[in-house]
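Here's a protein chain to explore together. Have a look at the sequence and the fold, then read on for a short tour.

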Amino acid sequence: MRRYLVVAAFMSPWAVGFFLFYLYPMLASLYFSFTQYDLLSQPRWTGLSNYKYMFTNDPSFWLAMRNTVWIVVISTPIQVIFAMATAMVLTRVQGRGASIYRTIFFAPTMVPAVAATLGFLFLLNPSGPIDRMLGFFHLPQPLWFHDPSTSKPGLVLLAMWGIGNTMIIFLASLLDV
């Protein structure tokens, strides 16, 4: 019995975090999806009317679905291929510098997603450093996040920032860890 209490004590921070920050928000979102709720008044049960509106009358829903599928179909394979290629290159590095190179490729994963997004917004801003460099070389300066034709590639580029987790898994398997 004492062992179970010790295990429960060690698992309790995770369990509290799971219920508080994952399970409760997920269930609350599910409940609120069946209501009309504006944060100022009490939720009013509407049943499936929100879903009916979303699938039949909402002009943005199918565009959002198409964009989401595009990002998943394009971004995920590119991330996996780039992570695998990076891991394969890092297995070739030997000696004292190997751990430094691995750290350099994994370090961006440690940056919070919000900070990375703000950094990319600064870099890819119409008056940002990347557009200035392109202008210096008289190359076209796309509106990365303002134009629908370039926003998806910009988001794929942003997603590449976090390949460190996948790269570490591939690196561990390649090194037989």
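Predicted model: local features only at pLDDT ≥ 70, side-chain atom pairs only at ≥ 80, totals over all residues.

His138 has a relative accessible area of 73%, and the cut-off for "exposed" is over 50%, so His138 counts as exposed. You'll find His138 in the loop between helix 6 (129-136) and helix 7. Its backbone is worth a look too: phi of His138 is near 55°, a positive value in a residue that isn't glycine.

Now jump to Leu39. Leu39 also isn't a glycine, yet has a positive phi of about 70°. Leu39 sits in a loop as well, the one between strand 1 (35-36) and strand 2 (44-45). Is Leu39 buried or exposed? With 69% relative accessibility, Leu39 counts as exposed.

## The chain as a whole

Time to zoom out. The chain contains eight helices and two strands.

What about overall dimensions? Along the principal axes, the C-alpha atoms fill a box of roughly 65 × 60 × 25 Å. The chain has a radius of gyration of 23 Å, whereas a compact globule of 177 residues would have one near 16 Å. Of those 177 residues, 18% count as buried. And if you take contacts between residues at least 6 apart in sequence, 49% of them join residues at least 24 apart.

## Where helix 3 meets helix 7

Next, a pair of helices. Two packed helices are described by the angle between their axes and by the distance between those axes. For helix 3 and helix 7 (residues 148-159), the axes come within 10 Å and cross at roughly 40°. Why are these two helices called oblique? Angles under 35 degrees count as roughly parallel and 65 to 115 as roughly perpendicular, so helix 3 and helix 7, crossing at roughly 40°, are oblique to each other. Helix 3 passes helix 7 in a right-handed crossing.

Who does the touching? Helix 3 brings Asn67, Trp70, Ile71, Ile74, Ser75, Ile78 and Gln79, while helix 7 brings Lys152, Pro153, Leu155, Val156 and Ala159. Sorted by class, this contact has eight nonpolar, three polar and one charged residues.

## A closer look at Ser75

Ser75 lies in helix 3 (residues 61-92). Its relative accessible area is 5%, and buried means under 20%, so Ser75 is buried. Which residues does Ser75 touch, leaving aside those up to four places away in sequence? They are Trp70, Val156 and Ala159.

## Where helix 4 meets helix 8

Here's another helix pair. The axes of helix 4 (residues 98-110) and helix 8 (residues 164-174) come within 8 Å and cross at roughly 140°. Since "roughly antiparallel" needs an angle over 145 degrees, helix 4 and helix 8 are therefore oblique to each other.

From helix 4, the contact uses Arg102, Phe105, Phe106 and Thr109; from helix 8, it uses Gly164, Asn165, Met167, Ile168 and Leu171. By class, the residues of this contact divide into five nonpolar, three polar and one charged.

Methods. Residues numbered from 1 in each chain as written. Heavy atoms only, no water. Helix = DSSP H or I, 4+ residues; strand = E, 2+ residues; numbered from the N terminus. Buried < 20%, exposed > 50% of the residue type's maximum accessible area, 1.4 Å probe, protein only. Contact = heavy atoms within 4.5 Å. Axes fitted to C-alpha atoms, helices over the stretch in contact; angles between N-to-C directions. Left-handed = near helix turned anticlockwise from the far one by under 90°. Nonpolar A, V, L, I, M, F, W, Y, C, P; charged D, E, K, R; others polar. Rg over C-alpha atoms; globule rule 2.2 N^0.38 Å.
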